[in-house]
Structures are given as C-alpha cells and as structure tokens.
Amino acid sequence: MKKTTKYFMILGIIIIIFFISSFSTIINFITDYKWFDELGYTETFLTKLVTQLTIGIPAFFILFFLINFYLRMVKKNYYKNAGIISDKKGEKLLNIFLALGSALLSIFISSIFAGNLWFSILQFTNSTDFNVTDPIFNNDISFYIFILPLIKEIMNLLLVLVFIFIATTVALYLILLTLRRPTNKSDNVFDFQELSNGKQIDISKIFSKKLFKQAVTQIGIAGLLIFLIIAINYYLRTYDLLYSIRGKVFGASYTDVHVTLWQYRIMAIGALLSGILFIAGIIKRNMKTVLVGPILLILISIIGGAAGVAVEKFVVEPDQISKELPYLTYNIEYTQQAYGLDNVIQENFPVTQDLTKEDILNNEETIKNIRINDYRPIQQVYFQLQGIRPYYRFHDVDVGRYTINGEYTQVFLSARELDQERLDEQAKNWISLHLTYTHGYGFTLSPVNSITPEGQPQLLVKDIPPITNTDLKIERPEIYFGELTNNFVVLNTEEKEFDYPKGSDNEYTTYAGTAGVQLNGLNRLLFSIKERDINILISPQITSDSRIVINRNINDRVRKIAPFIDYSLDPYLVINQTDGKLYWIIEGYTSSSRYPYSEPYGEKSINYIRNSVKVVVDAYNGDVNYYVVDENDPIIMTYQKIFPDLLQDKEDIPEGIREHLRYSHELFDIQAQIYRIYHMNNPKVFFGKEDSWDIAKERYMTEVLDVEANYVMFNLPRQEKAEFLLTKPFTPKGKDNMTALFVAKNDGENYGELILYKFPKNKTVRGPMQVEVRIDQDSVISPQLSLWDQKGSAVLRGNLIVIPIEDSLIYVEPIYLMSDNENSLPEVKRVIVAYEDRIVMEETLDAALSKIFGEIDQEQDENGVIDEVDTDTDDLDDKIKELIQTANELFRLATQASQNGQWSEYGRYINELESTLNQLNKYIEDNIEE
C-alpha cells in the first residue's frame with residue numbers, strides 16, 4: 001500500500017511539474033484565442049489544435065494499446081523462457097509501471113506525429129489538382145506538392161519509431177534481468193556486480209537458449225522493419241529524379257531516366273529481399289545470410305553509379321543535344337508554368353524613332369505622368385519638410401495611382417508614423433509608451449511628375465491635420481497599425497491619447513474604433529502575465545472599458561494569423577476614396593520547391609511561386625482581410641478549403657481597395673530573372689544559351705546597378721488610355737543595347753497580364769547604360785554636371801525611365817543636386833531627355849521635350865489641359881557651337897590646373913566656365929523666344 005501511495009505521489013509531482021512548465025504556454029494559448037476572436041478568426045486559430053487532437057488522441061490510444069500489449073508479451077515470454085513464477089502483488093506494480101511507461105511513450109510519439117504532420121495531412125485531405133502531369137511518371141503535380149512530402153515525413157517518423165521500439169525492448173530486458181532473474185537451472189543468473197568488477201562475462205551466462213532466441217527474433221523483426229522502410233525510401237527516391245541536377249538543366253536527364261531510375265527500383269527490391277534474408281539469417285543464426293542483403297545493396301549502388309558515369313560519358317556527351325532534347329523541352333515548359341510565364345504575350349515593337357511634336361501632344365496622359373522624381377530621395381524630403389516633430393517618421397515611400405480632380409495621376413505617398421524610439425528620453429515612460437503616444441497621423445502625397453521651382457516635390461496632401469486642394473477624401477488619418485507600431489497600447493483609458501501637435505500645444509483624443517481586447521474580468525491578469533507587465537494589472541488609468549491592442553506591427557500581425565503564407569516585406573499604403581480611411585496592402589505568396597523540372601531560384605531554391613493573396617489591413621481598426629486573387633493557384637485553393645473563414649474571394653474586395661491593387665514588384669523581379677533565359681522556347685537555342693539576356697543596367701545616384709522594376713504610366717501600343725504598368729528592360733547578355741521591354745499590367749480586368757515587347761535585332765536600340773554613357777560624354781551636359789559636382793555639393797542621378805510613345809522610345813532621367821551639409825535636401829535641378837541621337841538637359845521636362853520636338857508649353861491649367869505654342873527650334877548656329885567649344889576648353893584647363901595643384905588658376909577657369917555656360921543658356925533661351 002505504501003509503495004502504491006509512493007507511485008501516485010511521484011505521478012502527482014510529475015503532473016504538477018508539467019503544469020508549471022506549461023503555464024506560459026497555457027497563458028499564451030488563452031490570450032491568443034482572445035486576440036483571434038477579436039479579429040473574427042477563431043476557426044482558423046482552432047484548426048491547428050483540433051487537427052492535432054484529431055490525429056494525436058487516436059494515435060495515443062492505438063500506440064498505448066500496441067506498446068502496452070507488446071511490453072506485456074515480451075514480459076510473458078521472458079517469464080516463460082526464464083522459468084519465473086510471477087508474484088501477483090509484485091506483478092501488479094510492474095504492470096502499472098509498464099502501463100505508465102507505455103502511456104508516456106505514447107504521448108511522446110503521438111505528439112511528434114500530431115505536431116509534425118497536422119498541416120501536411122490537412123493539405124493532403126484538401127489537395128487541389130494542378131491538372132498538369134509530370135512527363136516521366138504521369139502524376140498530377142499535386143502529388144509532389146501535397147502527397148509525396150507527407151509520405152516522406154511519415155517514413156522518417158516510422159524510422160524513428162523503429163529505433164524507439166529497439167531502445168524500449170533493450171530497456172525492458174535490462175529491467176527484467178535486474179528485477180526478475182532467470183531461475184532455470186540451465187540459466188546462470190547474470191550478476192551486474194561481476195561486470196563492474198571487470199570480470200569477463202560469457203553471453204551464455206546472461207541468456208538461456210530460449211531467452212537468447214526470443215531476443216534475437218525481436219532483433220530480426222526490427223531489422224526487417226528497417227529494411228522495409230529503406231525499400232520504400234528507395235522507391236520514393238525515384239520521384240526525386242525530377243529534381244536532379246545531373247544533366248544540362250534541372251530535372252531528370254537521359255542518364256537519370258535510363259540508368260538511375262532502374263537502379264533505385266532494383267535497390268528497392270534488393271532492400272526488401274535484404275530484410276527477408278536478415279530475419280531468416282537471424283533466426284537460423286547464419287551470419288552469411290544476414291550479410292548477403294547489405295552486401296548486395298552496396299554492389300548494386302556501385303554498379304549503378306559506374307553505369308551512370310559510363311552512360312553519361314560514352315552515350316550522352318557525344319550526342320548531348322539529341323539525347324537531352326526532350327528533357328530540355330520539359331525544363332522549359334515546366335519552368336514557364338511554375339513561374340507564371342507560360343502565357344506571356346510577345347509583341348514586336350518596331351522602334352521607328354519617328355516621333356513628332358504632334359505625337360507628343362497626342363500622348364498627353366503619358367507625358368503628364370512621366371516620373372521626374374525618385375522614391376528614395378523623396379523619403380528624405382518628406383522627412384525634412386513634413387516630419388513636423390522628431391518622433392514622426394516616414395518609413396518608406398509607396399507608389400500608387402489616383403484619380404485626382406478628374407485626372408488619372410501617378411503619385412508617391414508615405415504614412416507619417418509615430419516612432420516611439422524617437423521620443424525624448426524623459427517621455428519614454430510607461431504611460432507615454434502605452435497609453436498616450438498610441439498612433440501616427442496622416443500621410444504626404446505628391447505626383448511623380450511635378451516639382452516646385454526649388455526642385456522639391458509638389459505636395460498635394462501635407463501637414464497635420466492633412467491639407468489638400470484636391471478632391472481626395474480623407475476621413476480617418478490616424479495610424480494605429482503600421483510598420484513602426486511595435487509596442488502594445490491600451491486604449492480608452494483615463495489618460496487622453498496624444499492626437500497631433502498644434503502649434504506649441506497638442507491635440508488629444510479618445511479612440512473611437514473597435515480594435516483591442518477588453519480588459520475586464522480575468523483579461524487584465526492574463527495580458528499582464530502575457531506581456532510580463534505588472535502595470536497592466538495595477539495602473540489606475542486602466543478601467544474595465546479599456547482595450548489592449550497587441551500585434552500592431554502589420555508585418556507581424558499578418559504572419560501571426562496565417563504563417564503558412566509568405567509575405568512581402570514592403571507593404572504599401574492606400575487611401576480608400578469610398579470611406580476616406582487608410583489601409584495597408586501586403587502581398588501574400590504561395591511557393592514550393594517541389595515542382596518537377598522547374599528551375600530553382602534564390603536561397604530557398606523555390607521553383608514555384610504565385611502572388612495569390614492580397615492582405616488588407618485597416619490602419620485605424622486593425623481589421624485584417626485576406627483576399628484570393630489567383631483562383632488558378634492550386635496551393636491557395638487548398639488553403640482556402642482548410643481555412644474557409646480566413647481566405648475570401650476576390651469579388652469581396654471593396655472597390656475603393658481594388659482600384660489600387662498593384663502587380664507585385666517582388667514577383668515581377670523573380671519572373672524577369674527567370675525569363676532572361678526561359679524566353680527561349682526552342683530547346684536547341686536554349687541548349688547553347690544563344691539568346692540569353694541580362695537585366696539592363698543604369699547609373700543610379702553614384703553607382704551602376706541593375707534597373708529595378710519601375711511603376712510607370714503610359715499608353716501601350718494600340719491602347720487609347722494610359723495604364724499603370726510595371727516595367728523592366730532587357731539587354732543581350734554581356735551587352736548594353738536594349739533587346740526587349742518586359743511589362744506587367746495593373747489596372748482593372750487586365751491585372752496580371754504580362755507582355756514582352758521585343759525590339760528589332762537588325763538595329764541598335766540604346767539601353768539605359770548606353771544613354772548614361774552618352775550623358776557622361778555629352779559636351780554640354782558633362783561639364784555642367786562636373787561643375788556642380790565640386791566640393792560642397794554632389795550630383796545625384798535618378799532612375800533612367802524608358803518610355804514607349806507610339807512606336808518609339810524616349811529616355812528620361814532626373815538630376816538631383818545636394819549640398820554636403822547635414823540638413824540639406826536633394827533637389828531636382830535638371831531633367832535629361834534622350835531621343836534617337838539627341839540628348840538635352842533642361843530645368844523642366846517640358847523644356848527638354850520642347851528642345852527636341854519643338855516648343856511645347858505643358859503648363860497645365862486647373863483642368864490639366866496642355867497649351868500648345870506652335871514655334872520651332874532651329875538647329876544649333878555658329879554662336880552656340882562657339883560657346884560650347886569655349887566651355888569644353890575651359891573645363892579641360894580647369895581639370896589640368898586642379899591636377900597640377902594650381903588652385904588659383906583652377907578657380908579662375910571655373911568662374912569663366914560658369915560665365916560661358918550662363919551666356920550659352922541665355923542665348924538659347926533668347927533664340928527660342930524669338
């Protein structure tokens with residue numbers, strides 16, 4: 001009785017220790033449930049738990065029955081073979097011990113199974129077909145995405161289970177040998193003391209023949225199970241050939257299909273035979289039979305490897321194109337499918353370069369939206385001009401488009417968030433951080449094509465509260481959820497919230513939204529424990545009506561709700577013109593590395609990706625909505641079956657949000673990198689990479705970089721209206737001339753459509769870097785840039801934008817000037833326009849276009865109408881040529897003087913150069929005006 005009590009005490013202590021160690025987990029579970037409930041996603045939250053319990057509970061009972069039955073059978077056979085007569089009282093305790101051990105082992109194994117397999121099982125049971133089969137085994141792609149990974153996980157867990165089975169068996173025998181020593185006369189009792197004393201022990205003294213046979217049989221069964229798992233794994237490895245890197249391209253090659261595939265199949269059969277021979281040899285105590293199987297597998301592996309090398313060397317390499325041709329075709333076809341490049345529309349773009357002034361005027365909408373600002377320097381300008389207070393911060397600048405005063409306009413905009421890290425040190429107390437400074441306020445917006453006379457962006461929305469002379473609707477400028485909102489806050493407290501600064505004073509407010517979990521009842525204690533913050537529990541400022549808002553950082557928020565989706569790190573802000581509120585849109589991706597024959601990309605080696613989800617976060621209330629925008633993606637459709645309350649249809653997207661959706665620039669960058677090679681559909685051309693491309697390069701600021709994907713607005717060929725587009729230029733590999741322009745559509749029903757405009761190969765179409773070189777070599781522009789780029793100031797080159805107009809191309813690049821002092825701002829001082837053989841630099845885009853195409857006055861009236869002035873620009877006359885030659889000579893002399901350390905001479909030449917350039921500018925202006 002005392003022993004029984006002792007065992008129950010031990011069990012009770014174990015339960016108490018388990019509860020204490022799990023206390024934090026329990027608190028997190030309860031508070032997470034309340035948070036998910038606030039958002040309306042309790043079903044999503046409970047899906048994991050319910051599935052794990054659905055797997056784990058049956059697994060526990062099955063395992064408990066099998067393990068307990070097995071341990072009792074081992075014990076029973078041990079008693080029989082050892083001649084032991086059981087003691088009922090002692091046996092009862094031993095059986096309790098075995099049952100407890102079985103229970104603990106079952107909990108351990110079932111938790112591993114449930115924890116590792118729950119999501120894979122849900123994907124398997126809800127899998128959606130791709131309706132595409134692989135070319136070797138003819139399985140639907142869903143088999144490789146959803147089913148094969150689950151089978152492999154199960155096989156790995158079964159192998160772990162076998163080793164647990166072996167370890168448990170050995171442990172039980174040691175316990176039985178210690179507690180129930182054999183009593184048969186033929187069995188010598190094994191004394192552990194002898195072993196500790198260093199005496200040699202004869203194995204026959206440990207086990208009788210019957211006990212030895214029993215143990216050996218169990219070893220044989222374990223060996224059979226291991227070889228069976230090895231056989232299945234060899235069979236599964238045949239499917240891994242679809243991801244082989246042996247051949248010319250990714251995927252099964254000629255040698256893989258004709259040699260390695262059969263090698264794996266033979267080895268699978270060999271492993272199965274090895275298991276049978278192993279258990280037969282163990283039972284018969286024939287070591288040769290036991291070793292036949294493993295030796296056979298080693299021989300098959302060596303012969304198969306040698307055969308593969310021989311076939312590759314003597315069959316494939318002499319006739320590689322012919323032998324690998326079908327596999328090259330598979331690689332091209334499946335890579336294009338996996339990256340969404342199989343429906344790219346290819347069109348020829350003639351690049352006739354025959355634009356006239358009338359063409360410029362007829363493409364008014366394109367011209368008005370040519371970007372002469374860049375988002376990176378604008379971020380600094382926004383901060384300096386619109387930061388208002390040190391704790392406000394513009395985290396990044398987003399690109400969008402809005403209908404402003406009736407005009408479709410491309411804009412930059414950025415949220416004015418409150419960065420608590422920038423509060424004064426004295427203000428960084430608990431009340432300030434969690435009750436007072438709770439939100440940012442408003443945003444700044446400027447068109448991409450307008451600047452002030454000082455070279456700063458023309459702000460259409462500015463200041464606090466937001467001021468605008470446009471028809472943009474702004475009703476809720478407060479930002480409680482953003483990219484910098486990293487701390488929890490408590491709303492509706494006795495402490496008023498800081499709203500925004502007003503002169504030398506501040507405005508205060510009380511939150512009127514729905515965000516947060518109410519701190520009534522036990523919630524106050526629970527969240528105090530969760531946040532490890534006693535102030536939540538004891539602060540007199542917090543009442544039962546107060547609400548705690550956690551997970552306010554929008555990047556963390558969406559990942560907390562749906563971690564199985566990959567997310568962009570670049571959310572963008574939109575203003576819903578229906579309700580005047582601010583929202584964040586975050587791109588959600590599905591990806592896989594299991595698409596057969598598809599070329600891997602990046603560090604994670606993904607070879608399938610879709611931008612299937614748009615996540616919309618309310619900046620005021622924190623509501624999160626997930627919208628499926630690609631219903632042709634089987635992965636997201638599988639997720640939608642698993643989480644029906646989470647993923648909504650694209651028809652549910654509010655119109656005020658839908659019109660601001662963008663094609664993901666991150667996906668577009670990946671597609672562009674892949675399409676450099678995989679635009680080639682002819683496998684013979686692809687084999688030699690004869691038509692490989694590179695991403696075009698440009699000189700940005702002071703560095704040479706790949707041209708990034710740019711959001712621009714222009715009229716596509718044969719289109720009447722300008723569209724919001726994403727573009728990226730290609731050049732032939734190792735060259736700088738442009739060969740194609742890759743375009744993604746963003747607007748309306750055309751969203752997601754990809755077009756490749758291919759340029760003629762029989763003429764040279766200048767690429768961005770060639771235009772950059774021409775800028776550096778231009779006899780007028782280069783000296784002026786060098787003059788500005790002296791000590792005390794720096795010339796910064798903006799993005800060079802390629803703009804198709806009619807069947808021609810123009811190139812536009814803004815030039816920034818920035819002084820060296822700490823508080824200086826980059827200012828757009830000039831705009832360079834290049835067209836055909838002409839390249840000009842003027843103070844405005846209008847002036848630059850006028851210089852090339854004839855006087856075009858693009859001063860816009862309140863309705864955005866362009867006024868035309870019908871005058872022509874004459875060719876350069878002798879006076880202009882003379883001034884240019886003088887400027888070049890003065891620049892050469894100034895450079896020579898600086899190299900020789902003749903600084904007084906250098907200063908004189910620079911002054912004369914400046915005077916000459918001023919004369920040149922005045923002469924040109926007077927000439928045009930005449």
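This is a predicted model: local features need pLDDT of at least 70, side-chain atom pairs count only at pLDDT 80 or more; totals for chains, interfaces and linings use all residues.
**Entry 1: a salt bridge across the chain**

I began with Lys-560 and Asp-32, whose side chains meet in a salt bridge at 3.2 Å, N to O. For me a salt bridge is a side-chain nitrogen of Lys or Arg within 4 Å of a carboxyl oxygen of Asp or Glu. Lys-560 sits in helix 18 (residues 554–561) and Asp-32 in helix 2 (residues 23–39), so this pair ties together parts that are 528 residues apart in sequence. I took helices (H or I, at least four residues) and strands (E, at least two) as DSSP runs, numbered from the N terminus.

Residues are numbered from 1 along each chain as its sequence is written, and side-chain values use heavy atoms, with hydrogens and water left out.

Are the two partners buried or exposed? Lys-560 counts as partly exposed because its relative accessibility is 32%, whereas Asp-32, at 11%, counts as buried. The cut-offs I used are under 20% relative accessible area for buried, over 50% for exposed, and partly exposed in between (1.4 Å probe, protein chains only).

**Entry 2: other salt bridges**

I found the count of salt bridges to be 36. One of them joins Lys-761 to Asp-691, with the closest N and O atoms 3.4 Å apart. This pair links distant parts of the chain, 70 residues apart: Lys-761 is in the loop between strand 27 (754–758) and helix 23 (768–777), and Asp-691 is in the loop between helix 22 (683–687) and strand 21 (693–695). Lys-761 counts as exposed, at 65% relative accessibility.

I also looked up Glu-507, which forms a salt bridge with Lys-502 at 3.6 Å between the closest N and O atoms. Glu-507 has 27% relative accessibility, so it counts as partly exposed. Then I came to a network of salt bridges that links Arg-699, Glu-772, Asp-776, Arg-797 and Glu-813.

**Entry 3: back to helix 2**

Tyr-33 lies in helix 2 as well, and at 33% relative accessibility it counts as partly exposed. What does Tyr-33 touch, leaving aside neighbours within four places in sequence? I found Thr-42, Phe-45 and Leu-46 in contact with Tyr-33, where contact means heavy atoms within 4.5 Å. Tyr-33 and Leu-46 are 13 residues apart in sequence and 8.2 Å apart in space, C-alpha to C-alpha.

**Entry 4: a lysine in helix 3**

Lys-75 belongs to helix 3 (residues 42–82). Its relative accessible area is 7%, so Lys-75 is buried. Beyond four places in sequence, the contacts of Lys-75 include Glu-91, Leu-94 and Leu-176.

I traced an open sheet of three strands in the order 10-14-13, with antiparallel pairing. Strands pair here if DSSP finds at least two bridges between them. Strand 10 (489–491) and strand 13 (517–518) stand at the edges with a single partner strand each, so one side of each is left without a neighbour in the sheet. Three bridges join strand 10 to strand 14 (residues 547–549), and Val-489 has Val-549 as its bridge partner in strand 14.
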